[in-house]
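Let's take a walk through a protein model together. Keep the picture handy as you read.

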Amino acid sequence: MSNRKAELETLRADLKVRLARFEAHQHREDGALDKDFEEQASQTQNDEVVDSLETETREELAQIERALERIENGIGDDCESCGEPIDPRRLQVLPYTTLCVDCAED
């Protein structure tokens, strides 16, 4: 479980860096919108993509935090729905999962 914890901590750090870049983009730390209308439209469309990526990143970060919390509580390898052990192969593929395959499919 310690390898998984280290992997999750690394993922968490990477996601926090990514979120900081998204936030910098959204706050226009690289400058205001271009004066050209077409360029503004393109920048606005890019903003929408960044918003979507930021939302996905925040959701993944929340899942990682939840998995780390469960590891700290000694239940990180057990399904939070049925309580059965989560297949180690599933944890390798999706280290922040909190559900076994059967419960995830339901």
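**Inside the fold**

Start at C100, which is buried, with a relative accessible area of 9%. Buried here means under 20% relative accessible area, while exposed is over 50% and partly exposed lies in between (1.4 Å probe, protein chains only). Before going on, note that this is a predicted model, where local features need pLDDT of at least 70, side-chain atom pairs count only at pLDDT 80 or more, and totals for chains, interfaces and linings use all residues. Residues are numbered from 1 along each chain as its sequence is written, and side-chain values use heavy atoms, leaving out hydrogens and water.

C103 is buried too, at 17% relative accessible area. So is there a disulfide around here, and how many does the structure hold? The count is 0, using the cut-off of a pair of cysteine sulfur atoms within 2.5 Å. For C100, the nearest cysteine sulfur is that of C103, 3.6 Å away. The sulfur of C103 has its closest cysteine sulfur in C79, at 3.6 Å, which is too far for a bond.

Now for the largest nonpolar core: it has 11 residues, including L8, L19, F22, I64 and Y96. Such a core is a set of buried Ala, Val, Leu, Ile, Met, Phe, Trp, Tyr and Cys residues joined through side-chain atoms within 4.5 Å. Two elements, α1 (2–26) and α2 (37–72), each give two or more residues to this core, and α2 brings the largest share, 6 residues. (Helices are DSSP runs of H or I, at least four residues, and strands are runs of E, at least two, numbered from the N terminus.) Apart from this core lies another, of 5 residues, among them C79, I86, C100 and C103.
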